[in-house]
Amino acid sequence: MKHILLVITTFLLASCTQQAAYRTDSGVVFGTYYKVIYASSENLHEGIKGALRSVNSSLSTFDSTSIISRINRNDTTVVVDSLFALVFTTAQQVSAQTNGAFDITVAPLVNAWGFGFDPTRKRTQSIIDSLKRCVGYQKVSLKANKVNKAIPCVQLDASAIAKGLGCDVVAQFLESKGVCHYLVDIGGEMRLKGANAQGNRWRVGVQQPTEDSLLVSNQVASILSVTDVGVATSGNYRQFYYQEGKKISHTIDPRLGTPCHHSLLSATVIAPTAMLADAYATAFMVIGNKDSICTIAQEQQLGVYLLYASQDSIESVCNPLFESYVN
Ligand code: ADP
Ligand code: MG
């Protein structure tokens, strides 16, 4: 669980088409927390839970009955739903735009390194090499709502994009109910719209990374004033373990088959949707290299903020689009 993006809030009254109080609903989903703040005269928590359930039953690899789990078991009868199709298509686009750094077919490798839905932690170079044959976004396609695999051992892991999608699906539900001011936060990935209770843009803090996964840093590295966007942070300083003195992170380079090792501690992305922000934040953690990341951010018109470990301090890099949101 991570709390890399922090919501900075105060509660007052809202103004939209009509004045409505801000409500907060929260709970647990996708192995993390969710928190939704919205201006509405109606309690919409049941609908929010329903929206989250729809994402879970489509894309959770931890639910054996989900569409993605059935695809992973090579159930040939499975027809995908619209959420799966959206995530799949977006993931394939991000894969192409990041030269395969982001790749939802990474599942067998994530499991082999002890992180996924079927963690084994049993691996040798030859196991990794043979698993690499099952990995690659070009080995899978979607036609007539059916997933086709080039080899049966291909498996999918949507963890790096599903929380973002969850934020967007809840946002869509709220908008269908006429809500025009909201913040949806799932495990630190966010989708925001309208104004906060004070009538200003939403304020979001990017947490200062710490090297110790048990140490929760409440230090804020940057504060943003945002609205009408998705924001996501991916970090390699929370989800990792040590093996023979080496840090094993949960971000895997699908092309190499190994966890990423570089000095990039976290990547924060601002995008039109939380799904895109989530996917690119993970992709940037894989890429690591500042210049390559900035080129992609420029091409895709993304705001990006990178925190690198340097000798005794943390160095930050951001692009002008991100800068325009810094408070
Ligand atoms: P978090 O928000 O938990 O930091 P991310 O959004 O960065 O996580 O997603 C990390 C998860 O995505 C990993 O635990 C793994 O399941 C999966 N993953 C790891 N490497 C990749 C990759 N290169 N492309 C897509 N998904 C990945
Ligand atoms: Mg992600």
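1. Setting aside neighbours within four places in sequence, Thr-90 is in contact (heavy atoms within 4.5 Å) with Ile-161, Met-275 and Leu-276. A word on provenance: this is a predicted model, with local features needing pLDDT of at least 70, side-chain atom pairs counting only at pLDDT 80 or more, and totals for chains, interfaces and linings using all residues. Side-chain values use heavy atoms, with hydrogens and water left out, and residues are numbered from 1 along each chain as its sequence is written.

2. Thr-90 sits in helix α3 (residues 82-97); helices here are DSSP runs of H or I, at least four residues, and strands are E runs of at least two, numbered from the N terminus. Thr-90 is buried at 7% relative accessible area, where buried means under 20% with a 1.4 Å probe and protein chains only. Its side chain gets to the backbone oxygen of Leu-86 at 2.7 Å.

3. On to the cores, meaning sets of buried Ala, Val, Leu, Ile, Met, Phe, Trp, Tyr and Cys residues joined through side-chain atoms within 4.5 Å. The largest has 68 residues, and Ile-48 and Phe-284 are among those with the most contacts inside it. Helix α7 (residues 274-287) supplies the largest share, eleven residues. A second, separate core of 21 residues includes Trp-202 and Ile-270.

4. There's also an open, antiparallel three-stranded sheet, ordered β1-β8-β9; strands pair if DSSP finds at least two bridges between them. β1 (5-8) and β9 (220-226) are at the edges with a single partner strand each, so one side of each has no neighbour in the sheet. β8 (residues 202-207) pairs with β9 over six bridges.

Note on methods
Chains lettered and ligands numbered in written order. Buried < 20%, exposed > 50% of the residue type's maximum accessible area, 1.4 Å probe, protein only. Polar contact = N/O pair within 3.5 Å; in protein donor to acceptor, adjacent residues only side chain to side chain.
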